[in-house]
There are 2 protein chains.
Amino acid sequence: MALSGFPEWLPEGRQVELAVLDTARKVFERHGFASIETRSVEPVEQLLRKGEIDKEVYAIRRLQGDSDGDLALHFDLTVPLARYVVEHAGHLAFPFRRYQMQKVWRGERPQDGRFREFTQADIDIIGDGSLGFHHEVEMALVMAEVFAALPIPRAVISVNNRKLAEGFYLGVGASDPAAVLRVVDKIDKIGADKVIGMLQSEAGLDAQSARLCVELADIRSEDTSFVSRVRALGVSNDLLDEGVDELAAVVAAAHAANPGAVVANLRIARGLDYYTGTVYETELLGHESVGSVSSGGRYDRLASKGSRVFPGVGISLGVTRLVSVLLGRDLVRVTRPVPTAVLVAVNDEATRVDSERIAGALRARGIACEVAPQADKFGKQIRYAERRGIPYVWFPSDDGQQVKDIRSGDQMPADPITWVIPEDDRHPRVIPTTKETP
Amino acid sequence: MALSGFPEWLPEGRQVELAVLDTARKVFERHGFASIETRSVEPVEQLLRKGEIDKEVYAIRRLQGDSDGDLALHFDLTVPLARYVVEHAGHLAFPFRRYQMQKVWRGERPQDGRFREFTQADIDIIGDGSLGFHHEVEMALVMAEVFAALPIPRAVISVNNRKLAEGFYLGVGASDPAAVLRVVDKIDKIGADKVIGMLQSEAGLDAQSARLCVELADIRSEDTSFVSRVRALGVSNDLLDEGVDELAAVVAAAHAANPGAVVANLRIARGLDYYTGTVYETELLGHESVGSVSSGGRYDRLASKGSRVFPGVGISLGVTRLVSVLLGRDLVRVTRPVPTAVLVAVNDEATRVDSERIAGALRARGIACEVAPQADKFGKQIRYAERRGIPYVWFPSDDGQQVKDIRSGDQMPADPITWVIPEDDRHPRVIPTTKETP
């Protein structure tokens, strides 16, 4: 039976997921990120210390035998990365660039775009002692390249800066900027008026300061024009200045490299408490309600070993959420659900080995084949290919082999050593659903 | 800190694992297996009913909030596949061919080649009502193709047949053939004499029958010559005959297609109790002590839906075990630990954008690049490339760009639009360790 929050795809859906993973991997590797995986479990106290306290963690225990200690499934890939870097620092070259594609688990209430088990594809760069600011630009541009390479609606990466927000809150007189951040983070859910009220009742701001915080959260620009709008609010603070400068640098560089893919959006906050600089969130245009499909940020204090610190920056692609939107809203389709391009028919069970030999010759040329499971009448073998979505059926015969495109019905003589498969049929492809088609 | 039984690889080791996974995927897809993944958890009672009772299962529970019911992490990929097939039968075309590469968890005592979290790569074919016997040959040949494509010691797939063993045990008068099988399975651990004793004390056989069972377990052949040796033991039983015929068919077909890759080995049993016909186990020559690196078999009764049954056959590649042998015994090495082929140097921070542009041009041609993290002196940037194992450093300059092979020291003028990277340097490669090299 299905378990709510633990999604599973049919083979067609898995093809879409594989296309997303393959595309991300190709882009990540072209940018010099090396693959790693971390174990799925961490000590419970490690997870609870580093993560947001309301992330619900799944603990594991053996049904028999002695205890493994208190272990739990990881809820993201950043906290395990920090532990991995500290543990293996002596064997890594810094800045360490890695990508990581794994499942994570969170015991949250399942809802649209929110799962208990899901796959993330992360890139991070971790420095030893220091880490150049330019990597905060790089993260957004690499992820924008992944989105541009996928057959999906346009993705816009929103960028903000924790220093900007925190400096602004300090500048208006907040004594607990984190409390202000938590309230402002609710603005999309509860609206500006309620946030202004809560900023006064829960974060101790006066009415004018509360209003300024909400006005700040309304600022958004594709270029650096956000700077003058922040200045116009008349708040001054050194940390605010630093944050404005950093955000302007990210947006300016991204705007020059890929206009419109990365925007300044002073509303975004990111709940996780380990970010210290740039933060990212990503909306799919027309599908904003599912939430961010790619998020991350700069974290300066997640990993340390004695006095040695490892500042980092990372961004994560929410693979399961993205795929669930693509499938659930019928935005893409696969050209076929199986890798098989050719079904080699079987004349009778005694000559199955001949069909196997033909299939072997095609496979040696990179053409995915299977041999018909039963020596039925050819009509039935063709229907089997149709049911599986296999485009070609190959007929072995002593007096000349033939291949049939079962979509068009075209049939012609063919030799497994020389037959050329149309490039579009070589592998299954994921393509946007044409809305015009009924 | 490291957790025993939860292995993690450094980036070099992960390259080896990726090479194994990529090779397996390519072979599986060429044979028409479609990828699926199943959720990592199943209801506890489902796992305990279908699996071997001494497999230790990890249950999960949320630290906060209400219960999810009794869920546990899967201990293999076959039991979840059976559940997936029953659940989604209406959307699948049968025989259903799938591959699945995922982590599984077992709370066993960690030891050489035995882990608590590990990755398996499985192929299975599931029929609706019936499933052709020829797929039992196919499984072994596909997996042999994976092994042949990997830079590893020679792998030999041993095949036996549950009907042969069970029929033989019935033929010598055993009342509980499963009990005999369990005892004979210990022969490598405790020796033939103790097994003969236990077959009498625990499985109720007489001395002569016990001896025959041990003699059967000694039979092994690369071709069908095992048949006459079984016959020479003088035991007759219909189920035995059926098993002998099936095993002979598998070995004969495999011998014709790929001599030596698949052998009849009447000792292997496979502990898991769901197999009903052909069973597989695989040894790496010279590394037999780590156990089987690929196992599986035919199962006729794992999945059913009312009166509808789904017989299957599958074989699993023990990816983590294989990789742990390759790394732990220093059998392979990677040509470099990072995907990066070229480090583009940076003259000064003001012209970083020019270096980024060169990197972009190389990436567009499929060449993995990174830009130097700091505008240090060129000597320091070259040492950074050396430390990361990047073979080429690219020097941007207005009056002619240059690329340097930092292994040979050769440097020459180059243009990012036309420069040709030697094919061996394009991607990291996994190659056998040359034992001659000191």
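Strand β11 and strand β12 (residues 308–318) of chain A run antiparallel and are joined by nine bridges. Strands here are DSSP runs (E, at least two residues), helices are H or I runs of at least four residues, and both are numbered from the N terminus. Two strands pair if DSSP finds at least two bridges between them. Within this pair, A:Lys305 has A:Arg308 of β12(A) as its bridge partner. The hairpin of β11(A) and β12(A) has two residues between the strands, and A:Gly306 takes a positive phi near 60° there. On to another neighbour: β11(A) (residues 294–305) also runs antiparallel to β10(A) (residues 278–284), joined by two bridges. There, A:Val279 has A:Gly297 in β11(A) as its bridge partner.

This is a predicted model, in which local features need pLDDT of at least 70 and side-chain atom pairs need 80 or more, while totals for chains, interfaces and linings use all residues. Residues are numbered from 1 along each chain as written, chains are lettered from A and ligands numbered from 1 in written order, and side-chain values use heavy atoms, with hydrogens and water left out.

The partner of β1(B) is β5(B) (residues 96–105), parallel to it over two bridges. B:Ser35 stands opposite B:Tyr99 in β5(B).

Now the interface. Contact means heavy atoms within 4.5 Å. Chain A gives 78 residues to the contact and chain B gives 78 residues. The area buried between them is about 7000 Å², with carbon and sulfur atoms giving 52%. Buried area is the accessible area (1.4 Å probe) lost when two parts are put together, summed over both. In chain A, A:Glu8, A:Arg30 and A:Arg39 lose the most area to chain B, together 10% of what that side buries.

There are 12 salt bridges between the chains. Each has a side-chain nitrogen of Lys or Arg within 4 Å of a carboxyl oxygen of Asp or Glu. One of them links B:Glu8 to A:Arg83, the closest N and O atoms being 2.7 Å apart. Helix α1 (residues 11–30) of chain A supplies eight residues, the largest share of the side of chain A that touches chain B. Strands cross the boundary too: β3 (residues 58–62) of chain A and β3 (residues 58–62) of chain B pair in the antiparallel sense over five bridges. A:Arg61 has B:Ala59 in β3(B) as its bridge partner.

Finally, the backbone. Most residues other than glycine have a negative phi, and most peptide bonds are trans. The bond from A:Phe94 to A:Pro95 is cis, with omega near -5°. A:Pro95 lies in the loop between α3 (78–88) and β5 of chain A. In chain B, a cis bond joins B:Phe94 and B:Pro95, with omega about -5°. A:Asp330 is not a glycine, yet has a positive phi of about 60°. A:Asp330 sits in the loop between α12 (319–328) and β13 (332–334) of chain A.
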